[in-house]
Amino acid sequence: MTIKLIELHQSFQNVQQQISATCQRIGRSPNEIRLLPVTKTLTAERVEQAYQLGFQCFGENKVLEAHDKYMLLKHLPIRWMLIGHLQSNKVKFVAKFIDEFHALDSLKLAEKLNHYLTLEQRKIPVFVQVNTSNEQSKFGVKPEQALSLIEQCQQFSQINIVGLMTLAIHSQDLVEVRRCFRTLRNLRDSIQKVYPEVQRLSMGMSGDFETAIEEGATDIRIGQAIFGARALPDNHYWSEK
Ligand SMILES: *Cc1c(COP(=O)(O)O)cnc(C)c1O
């Protein structure tokens with residue numbers, strides 16, 4: 001193995017170790033938790049290294065960037081998860097290659113995605129993004145709107161709503177962060193009574209994944225803790241363009 005690969009292997013192991021330790025502490029099995037490496041801003045070569053270490057699903061939040069890497073790594077059985085906001089004019093494009101979508105936040109978007117997935121004869125798992133922190137800057141439906149969106153999505157044959165996704169408040173105050181995750185879990189629990197297939201909770205990133213696991217996360221999206229710090233602040237990636 002090259003030095004770079006050995007270092008990456010070590011970072012993955014450290015994160016997996018933290019996941020296991022958290023699970024052990026609260027009596028969950030680490031097998032319930034899917035670690036999704038987030039590869040935004042990283043090169044295709046870096047993604048390939050992670051693939052060589054045994055990972056197949058990668059989270060990206062910009063459509064064009066994700067597509068570039070998809071094209072470069074088409075020869076590998078990699079699955080691309082779009083975890084960021086999707087603009088309506090890019091739906092046709094993503095329907096061709098994304099394998100999962102974590103940020104559904106409107107009926108119009110669901111309708112359009114379903115339409116283009118139908119043309120592509122593809123069906124994908126989808127998460128509804130919920131704004132649990134009540135911050136203006138965050139995408140996602142209000143918690144009280146999630147059930148009705150899921151209800152209306154039942155008519156769409158090509159999208160399977162499998163869970164909910166959130167970004168917790170960006171804060172040092174873990175009580176506030178935990179409150180966001182708990183809101184998502186409680187919402188999932190109540191939606192599950194009507195739609196038992198809505199099971200997954202996509203929540204937790206580098207700075208807060210242990211809290212997310214404690215609150216029931218099933219899919220954690222981790223970039224910097226594995227690949228090192230990104231140069232730009234997160235709001236750069238979460239903005240509209
Ligand atoms: C970038 C990003 C992450 C990962 O953040 P890290 O701080 O790198 O772990 C998770 N979720 C979304 C939606 C992101 O855009």
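Biologist: Where does Thr 132 lie?
Modeller: Thr 132 is in the loop between S5 and H6. Keep in mind that this is a predicted model.

Biologist: Is Thr 132 buried or exposed?
Modeller: Thr 132 is buried, because its relative accessible area is 7% and the cut-off for buried is under 20%.

Biologist: Which side chain does the side chain of Thr 132 join in a polar contact?
Modeller: That of Thr 166, in a polar contact of 2.8 Å.

Biologist: And what else is Thr 132 in contact with, leaving aside neighbours within four places in sequence?
Modeller: Besides Thr 166, the list has Leu 167, Arg 179, Cys 180, Thr 183 and Leu 184.

Biologist: On to H6. Which residues of helix H6 are buried?
Modeller: H6 runs over residues 146-153, and Ala 146, Leu 149, Ile 150 and Cys 153 are buried there. They cover an arc of only 100° around the axis, so they sit on the same side of H6.

Biologist: Why would residues three or four places apart point the same way?
Modeller: Because an α-helix has 3.6 residues a turn.

Biologist: What do the buried residues of H6 pack against?
Modeller: They pack against S4, H5, S5, strand S6 (159-165) and H7.

Biologist: Now the core. Which residues touch the most other members of the largest nonpolar core?
Modeller: Phe 101 and Leu 164, out of 68 residues in that core. H7 gives the most to this core, with six residues.

Biologist: Which residues does the second, separate core include?
Modeller: That core has five residues, including Leu 36, Cys 57, Met 81 and Ile 83.

Biologist: Cysteines, then. How many disulfides does the count come to?
Modeller: Zero disulfides. Cys 57 is in none, and the nearest cysteine sulfur, that of Cys 23, is 18 Å away. Cys 57 counts as buried because its relative accessible area is 16%. Cys 153 is also buried, at 2% relative accessibility.

Biologist: Change of topic: how many salt bridges does the structure hold?
Modeller: There are 17 salt bridges. One of them pairs Asp 99 with Arg 122, with the closest N and O atoms 3.2 Å apart. That pair links distant parts of the chain, 23 residues apart: Asp 99 is in the loop between helix H4 (91-94) and strand S4 (100-104), and Arg 122 is in the loop between helix H5 (107-120) and strand S5 (124-129).

Biologist: Buried or exposed, for Asp 99?
Modeller: Asp 99 counts as buried, at 15% relative accessibility. Arg 122 counts as buried too, at 19%.

Biologist: What about Arg 182, which residue does it form a salt bridge with?
Modeller: Glu 215, with the closest N and O atoms 2.8 Å apart. This pair also links distant parts of the chain, 33 residues apart, with Arg 182 in helix H7 (residues 174-192) and Glu 215 in the loop between helix H8 (209-214) and strand S8 (219-222). Arg 182 counts as partly exposed at 39% relative accessibility, whereas Glu 215 is buried at 2%.

Biologist: Which residues are linked with Arg 182 in a network of salt bridges?
Modeller: Arg 25, Arg 178, Arg 185, Glu 214 and Glu 215.

Terms used:
Residues numbered from 1 in each chain as written. Predicted model: local features only at pLDDT ≥ 70, side-chain atom pairs only at ≥ 80, totals over all residues. Heavy atoms only, no water. Salt bridge = Lys/Arg side-chain N within 4 Å of Asp/Glu carboxyl O. Helix = DSSP H or I, 4+ residues; strand = E, 2+ residues; numbered from the N terminus. Buried < 20%, exposed > 50% of the residue type's maximum accessible area, 1.4 Å probe, protein only. Core = buried A, V, L, I, M, F, W, Y, C linked by side-chain atoms within 4.5 Å. Arc of directions from axis to C-beta. Contact = heavy atoms within 4.5 Å. Disulfide = S-S within 2.5 Å. Polar contact = N/O pair within 3.5 Å; in protein donor to acceptor, adjacent residues only side chain to side chain.
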